Amino acid sequence: FKTIKILPGPPESTWWRRQLHRLALQAHFVTRTRTPAYHAAISSQVFNEFQRESYDVVYVDGLHMAQYFVDLPILPAIIDLHDSITLLYKRSMRVEENWRRKMALWAETFSVRRCEKNLSKCFKAIVTNSKVDESFIKALDPTARTFTIGNGVDSGFFSPGCARVDNRKLV
């Protein structure tokens, strides 16, 4: 990478903005309705940086950053999802026993699914870490250009041995 930019997190939103965010059924990480000035500033910063340096491609790390590219589809960008959050939330819903948390997960799954389903409109390629996640993203949007790049761990070398495990240690 020639440049890595670390962006500041969003400021606290007002009560009214949080209610608009809920009414818009936005995913928890989306800043467009909660903090519109911040959202516009970050989108503008991304676009200006791209224009100034004329990069070949923009690498977007994670679904939470995708929102800043929705209005900038002219940028050649790829996104690395690591995991399908929709799939993760669906799995969490299956095991959740508290009905309030289960309903909150259902609403968040709905919102995140919308985000993941529309990724191919802004990104030339969608990278996942597993074939399971790639298949799930393809099921959401068959037109998406997806591929998997595994985590790169040599599971043969790093497999548990026969030695006794000390449960008081954490790596």
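Biologist: Is Tyr59 buried, partly exposed or exposed?

Modeller: Tyr59 counts as partly exposed, because its relative accessibility is 36% (buried means under 20% relative accessible area, exposed over 50%, and partly exposed in between, with a 1.4 Å probe and protein chains only). This is a predicted model, in which local features need pLDDT of at least 70, side-chain atom pairs count only at pLDDT 80 or more, and totals for chains, interfaces and linings use all residues. Residues are numbered from 1 along each chain as its sequence is written, and side-chain values use heavy atoms, with hydrogens and water left out.

Biologist: Where is the place of Tyr59?

Modeller: Tyr59 sits in strand 1, residues 58-61. Helices (H or I, at least four residues) and strands (E, at least two) are DSSP runs, numbered from the N terminus.

Biologist: How many residues apart along the chain are Phe1 and Tyr59?

Modeller: Phe1 and Tyr59 are 58 residues apart along the chain, and their C-alpha atoms are separated by 9.2 Å. Phe1 belongs to the segment before helix 1 (15-23) and is exposed, with a relative accessible area of 79%.

Biologist: On to charges: which residues form a positive surface patch?

Modeller: Lys90, Arg91, Arg94, Arg113, Lys117 and Lys121 form it. Lys and Arg count as positive and Asp and Glu as negative, while His and the chain ends are not counted. The place of a charge is taken as NZ of Lys, CZ of Arg, CG of Asp or CD of Glu.

Biologist: Which helix gives the most to the positive patch?

Modeller: Helix 4 does, with 3 residues. Helix 4 (85-95) and helix 5 (99-117) each supply at least two residues. Lys90 is placed in helix 4 and is partly exposed, at 35% relative accessibility.

Biologist: How many salt bridges does the count come to?

Modeller: The count comes to 4 salt bridges, where a salt bridge is a side-chain nitrogen of Lys or Arg within 4 Å of a carboxyl oxygen of Asp or Glu. One of them joins Glu49 and Arg52, with the closest N and O atoms 2.3 Å apart. Both residues lie in helix 2 (residues 36-53), 3 residues apart, about one turn of the helix.

Biologist: Is Glu49 buried or exposed?

Modeller: Glu49 is buried, with a relative accessible area of 14%, whereas Arg52 is exposed at 55%. Another salt bridge pairs Arg18 with Glu12, at 3.6 Å between the closest N and O atoms. Of that pair, Arg18 is partly exposed at 27%, and Glu12 is exposed at 71%. The side chains of Arg101 and Glu96 also meet in a salt bridge, at 3.2 Å from N to O.

Biologist: How many disulfides does the structure hold?

Modeller: The structure holds 0 disulfides, a disulfide being a pair of cysteine sulfur atoms within 2.5 Å. The sulfur of Cys115 has its closest cysteine sulfur in Cys122, at 10 Å, and is therefore too far away for a bond. Cys115 is partly exposed, with a relative accessible area of 22%, and Cys122 counts as buried at 11%.

Biologist: Now the backbone. Which residue has a positive phi of about 65° although it is not a glycine?

Modeller: That residue is His82, which lies in strand 2 (residues 77-82). Most residues other than glycine have a negative phi. Leu25 also has a positive phi, near 55°, and its place is in the loop between helix 1 and helix 2.

Biologist: And overall, how many helices and strands does the secondary structure come to?

Modeller: The protein has 6 helices and 4 strands, in the pattern α-α-β-α-β-α-α-β-α-β along the sequence. Of its 171 residues, 33% count as buried.

Definitions and conventions:
Patches are made of residues with over 30% relative accessible area and no salt bridge: like charges are joined within 9 Å, nonpolar side chains (Val, Leu, Ile, Met, Phe, Trp, Tyr) within 5 Å. Accessible areas come from the Shrake-Rupley method with a 1.4 Å probe; for residues, only the protein chains shown count as cover.
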